Amino acid sequence: MSKQAYKVCCCFRRRFKFREAEAPDEIKALFGSYSENGLMTVDHLHKFLKEVQGEETVTMEEAESAMESIIKDLKHLHVFHRKVLNLEAFFRYLFSDANYPLISSNKVHQDMTAPLSHYFVYTSHNSYLTGNQISSDCSDVPIIKALEKGVRVIELDMWPNSTKDNVDIYHGRTLTTPVDLIKCLSSIRKHAFVASEYPVILTLEDHLTPDLQAKVAEMVTHTFGDVLFSSESECSSEFPSPESLKRKIIISTKPPKEYLETKSIKERDDHSRKAKNLSEEAAWGNEVSDIADHLKIHNELQNEPDDGEFLDEEDAREDIQELQQNAAPKYKNLIAIHARKRKGGIKDWLKIDPNNVTRISLSEEKFEKAVLSHGGDIVRFTQRNLLRIFPKAMRLDSSNYNPLIGWTHGAQMVALNMQGYGRYLWLMQGLFRANGGCGYVKKPDILLQIGPHSEVFDPKRALPVKKTLKVKVYMGDGWNLDFHHTHFDMYSPPDFYVKVGIAGVSDDSAVKKTKIVEDNWVPTWEEEFEFQLRVPELALLRIEVHEYDMSEKDDFGGQTCLPVSELREGIRGVPLYNQKGEKYKSVKLLMRFDFL
Ligand SMILES: [Ca+2]
Ligand SMILES: [Ca+2]
Ligand SMILES: [Ca+2]
């Protein structure tokens, strides 16, 4: 035990005892029953993995190699002459990366041979922006970062450059500083498959003349070469599988549009001023909305007929006939996933063509409106076709919306602003921790099934409880290593508490919290919570650590989101992440998960 001093004023210091992390009583008791004379052998470990950790099929050999790697990892603590663990080593092992809470931290384990429409795909919106939607810089750096995190859908807005002889990427009609298309393409080629071998889809928004389209075709073909997927031989009644598209880059866009002149700088100026008035997003972002409540409010605000004209920023004035005459033929050939222009009302664009699959793109507002009146049609549509949802234009600050509205209706490409840090992006990062972080997560069967009367999954329907998840929060550790001792409170150690919750279908959503442990860098809560889950397949476990301050907003202490379908039972070391979703070096929680 050591002491830590906090300066209160120039002549007075408060001293606090600093305790190293120590195993909670329950862990000590468990060690007692799986050890002899204070030592845990391979036999004991094997039994512990089977009985407590729920790893029923674990073999003696696996337990032995686990023991070896534990001893190797902990050799700085003790020198073990035999393959045994003492309490401290066992406790450290529980906290270690080897005891990760998900079934696979980096192994793809789902079936990857189903059509693309059977997967949620990690999707970014305006992937080239470094900050807000109006005046931030455009760069290939955020694209590289996204690809390295496993993002599989990258969006590029293509515009003519100032001399009209080359292609720039920027957010049209804003003050964002452009970046060369070719720079983005080369970076994509270089980083596409660093995090995952599964296909990268480029969604292009095109505001180009036929001349420049021809130039894009040349650049794309030249940069990507063999890696570019061409759809000529594909059967168009079903999308190919991620497995068959491994290490391929796929171009997806609408049929090219008529050339649109960039609006005047004056207008761009006005936008920029608007963006500056928006405050920076707070550390936490908005609380995760209950999707049913959210839709209800939305419904009350909407009085328009459901099948009105559904045009948005992506639609512009294109006409397919015009395209046939104008667009560069090479450019048209690049498009492997054709996005459909939406004509007429919701019913029309959700029409399923048995001979053709397509992709449509809707703003979050249009989508939410469509969900209210045509929820079932959307689920049916997304069983074979692709649906992309993007943030509404009002989100000038690059904030985000609740992605679960899209996922619970089968939308594959829920595009979020990757620079819009906060709870909604954490949900996204959480979902895509599943399936080894490869950027493709198989949609649960419930979203792919269709009944004899063509009934499909309805996230609003009251369903019986399928599983109860019991979550125990034992303790946390590592803040003293990752933060300065005055980071949380100037005059005393931090006061942590944990919020544990579920995001999923509306009936499953809940948030609970532990008590506050005051003035302690190594808090022990030992509190247990139960969550009743009707649709565990779509549930995400949300974990947030708050640092309580009486007079101000809580400080941020860490967060993670874990897909419930991949959660391992038993006692686990749960790594926490910062606001941006970057993993802390040392901060972890010790938790226990059980399904009843
Ligand atoms: Ca504080
Ligand atoms: Ca304090
Ligand atoms: Ca405090």
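## A first look at this predicted protein

Among contacts between residues at least 6 apart in sequence, 74% join residues at least 24 apart; two residues are in contact if their C-beta atoms, placed from the backbone, lie within 7 Å. This is a predicted model, in which local features need pLDDT of at least 70 and side-chain atom pairs count only at pLDDT 80 or more, while totals for chains, interfaces and linings use all residues. Residues are numbered from 1 along each chain as its sequence is written, and chains are lettered from A and ligands numbered from 1 in the order in which they are written.

**The whole protein**

- The protein has 17 helices and 22 strands; helices (H or I, at least four residues) and strands (E, at least two) are DSSP runs, numbered from the N terminus.
- Of its 596 residues, 45% count as buried. A residue is buried if 20 or more other C-beta atoms lie within 10 Å of its own, exposed if 12 or fewer, and partly exposed in between, with C-beta atoms placed from the backbone.

**How confident is the prediction?**

- The average pLDDT is 87, and 87% of the residues score at least 70; pLDDT is the predictor's confidence in each residue, from 0 to 100.
- Residues 258-281 have a pLDDT below 50, and this stretch has 39 contacts in the model beyond near neighbours in sequence.
- Residues 303-325 also have a pLDDT below 50, with 34 contacts in the model beyond near neighbours in sequence.
- Where pLDDT is low, the predicted coordinates should not be read in detail.

- Strand 5 (residues 153-160) runs parallel to strand 8, joined to it by 6 bridges; two strands pair if DSSP finds at least two bridges between them.
- Glu 155 stands opposite Thr 203 in strand 8.
- Strand 9 (residues 249-253) is also parallel to strand 8, with 5 bridges between them.
- Here Val 200 stands opposite Ile 249 in strand 9.

**A closer look at Lys 460**

- You can find Lys 460 in the loop between helix 16 (445-448) and strand 15 (467-477).
- Lys 460 counts as partly exposed because it has 15 other C-beta atoms within 10 Å.
- Leaving out residues up to four places away in sequence, Lys 460 touches Ala 292 and Ser 506.
- Asp 507 is 47 residues from Lys 460 along the chain, yet their C-alpha atoms are separated by 8.0 Å.
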